[in-house]
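Please look through the sequence and the model shown here before reading on. The report that follows takes up a few parts of the structure in turn.

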Amino acid sequence: MTADATKPASFEALAIDTLPARLGHLEALAGRVGPDALAWKVREVGDGNLNLVFIVEGPKGAVVVKQALPYVRLVGESWPLPLKRSFFEYHALTRQQARAPGAVPQVLHFDEAQALIVMEYLSPHVILRKALIDGRELPRVAQDLGLFLARTLFRGSDLAMPARARKADLALFADNVELCDITENLVFTDPYFEAELNRHTPRLSPLVAELRADRDLKVEAQRLKHLFAANAETLLHGDLHTGSVMVTEQETRVIDPEFAFYGPMAFDVGMLIANFWMSFFSQAGHEENGPRDAMRAYLLRVAAGTWATFRAEFRRLWRTERTGMLYAGSLFENRGDPLGAEQALDAVLHSLWQDMLGFAGVEIHRRILGLAHNADFETIGDEALRARCEAPALRFGRHLVVNRHRIQGMEEVNGLALLIEKETRA
Ligand code: ADP
Ligand code: MG
């Protein structure tokens with residue numbers, strides 16, 4: 001390591017055996033882990049797709065060191081990806097911490113040149129997706145994630161922020177263009193044609209061909225992409241699926257906002273709820289140790305509860321924190337027209353609902369047809385069974401994307417999910 005403080009150190013990937021020597025001088029680490037870096041125990045938890053994540057443990061405690069690599073870890077150096085995603089992850093984490101205190105790991109240190117973030121080690125938390133595959137009903141997720149969504153999305157928008165600060169933030173995050181490009185292509189376009197990196201369970205091919213020939217579906221998916229690309233409404237997490245949530249029975253934390261970008265509020269909401277619905281459709285593939293009926297019912301309650309909490313908190317914030325330039329109180333409450341503000345709120349929530357459904361449908365499609373699949377379905381070893389779980393999920397997704405303007409409420413959507421999931425087990 002260079003000791004020359006006048007020059008920024010050039011990037012060098014950390015390794016288990018070099019980490020103590022390279023980071024031992026950092027008070028943020030030593031203070032938490034213990035001053036004697038040689039006594040640190042370092043392991044790498046390589047389940048991420050993109051980055052290095054180390055757990056550093058010592059006599060005093062533990063921290064996580066997350067470092068970006070100049071390429072996609074899952075694929076290798078043939079797919080370069082800029083280190084600056086770490087910068088955006090850092091800035092997103094600090095904003096989320098301010099807007100939804102306690103919902104994300106505490107950031108202890110950031111080194112831009114080394115693209116590394118030192119953060120609180122969440123323990124004994126596990127990844128929510130894994131808990132759901134294991135059939136665990138976590139009691140707090142709908143409430144905690146509904147609040148996280150409403151608080152981060154509302155407070156990062158022109159509903160709450162001073163216009164100048166929001167525009168500065170918009171400009172800052174606009175540079176996260178490579179990761180945004182991944183979302184634009186992998187989520188909204190690739191699933192709907194035979195893109196090179198796509199894959200799907202082979203038995204689904206007839207249904208996949210039908211979906212890719214479905215003009216209404218393609219048009220609506222592109223309208224959603226248009227909304228994603230052109231509606232820079234708020235700072236999104238950008239990758240809010242159940243693999244970006246860590247849980248215990250008592251606590252829910254959101255991690256990994258490296259895809260953070262200004263986009264439509266409904267994107268984060270829809271992506272997350274889609275992952276609850278996919279977990280629901282995948283449960284039949286995880287019944288080795290007994291039926292999952294209770295788990296299925298739980299997952300529909302979580303989908304509905306996340307939306308209900310989001311909506312209730314959004315309403316509360318609308319009434320108490322609407323300090324931005326949109327729907328200004330000078331037009332409504334201050335002129336003795338509180339009903340006008342309520343009418344506007346209902347209209348905003350109505351659009352959010354429809355857009356959320358559309359983004360959810362697209363997310364379901366890309367996880368079954370695109371490059372990045374999810375473990376809920378992937379861990380179903382029996383291919384025929386996996387296809388029987390995935391097919392109704394695809395049809396459900398298609399319904400959401402195409403008919404989102406006609407769907408009345410959660411009861412209707414969950415009822416439909418229940419109805420078509422039965423095909424899996426017929
Ligand atoms: P990537 O961006 O490469 O996907 P993640 O941020 O999702 O990386 O982290 C990869 C894994 O590391 C997570 O699935 C989780 O198991 C673990 N991890 C990440 N951050 C923490 C943390 N703060 N505390 C505990 N474990 C963490
Ligand atoms: Mg990530």
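## A buried loop residue

Isoleucine 380 sits in the loop between helix H13 (375-378) and helix H14 (383-403), where helices (H or I, at least four residues) and strands (E, at least two) are DSSP runs, numbered from the N terminus. This is a predicted model, in which local features need pLDDT of at least 70 and side-chain atom pairs count only at pLDDT 80 or more, while totals for chains, interfaces and linings use all residues. Residues are numbered from 1 along each chain as its sequence is written, chains are lettered from A and ligands numbered from 1 in the order in which they are written, and side-chain values use heavy atoms, with hydrogens and water left out.

Isoleucine 380 counts as buried because its relative accessibility is 2%; buried means under 20% relative accessible area, exposed over 50%, and partly exposed in between (1.4 Å probe, protein chains only). Apart from neighbours within four places in sequence, isoleucine 380 is in contact with Ser282, Gly285, His286, Leu385, Arg386 and Cys389, contact meaning heavy atoms within 4.5 Å. Glycine 285 is 95 residues away from isoleucine 380 along the chain, yet their C-alpha atoms are separated by 5.5 Å.

## Helix H14

Of the 21 residues of H14, 15 are buried, and the helix is thus described as mostly covered. The end C-alpha atoms of H14 are 30 Å apart, which agrees with the 30 Å that its 21 residues should span at 1.5 Å a residue; the expected span is 1.5 Å times one less than the number of residues. At the N-terminal end, aspartate 382 caps H14, with a side-chain oxygen 3.0 Å from the backbone nitrogen of alanine 384.

## The five-stranded sheet

Five strands form an open sheet in the order S1-S2-S3-S7-S6, with antiparallel pairing; two strands pair if DSSP finds at least two bridges between them. Strand S1 (41-44) and strand S6 (107-111) are the edge strands, each pairing on one side only.

S1 pairs with strand S2 (residues 52-57) over four bridges in the antiparallel sense, and valine 42 has valine 56 in S2 as its bridge partner. A hairpin of four residues joins S2 to S3, and these two strands pair in the antiparallel sense over six bridges, with isoleucine 55 having valine 64 in S3 as its bridge partner. S3 also pairs with S7 in the antiparallel sense, over five bridges, and glutamine 67 stands opposite leucine 116 in S7. Both faces of S3 are covered, with Ala62, Val64 and Lys66 buried on one side and Val63, Val65 and Gln67 buried on the other.

## Backbone features in the loops

Alanine 115, in the loop between S6 and S7, has a phi near 50 degrees, a positive value in a residue other than glycine. Alanine 115 is buried, with a relative accessible area of 1%. Tyrosine 327 also has a positive phi, of about 50 degrees, although it is not a glycine; its place is in the loop between helix H11 (293-320) and helix H12 (338-369), and at 34% relative accessibility tyrosine 327 counts as partly exposed.

The peptide bond from serine 123 to proline 124 is cis, with omega near 10 degrees, and proline 124 lies in the loop between S7 and strand S8 (126-127). Most residues other than glycine have a negative phi, and most peptide bonds are trans.

Terms used: Polar contact = N/O pair within 3.5 Å; in protein donor to acceptor, adjacent residues only side chain to side chain.
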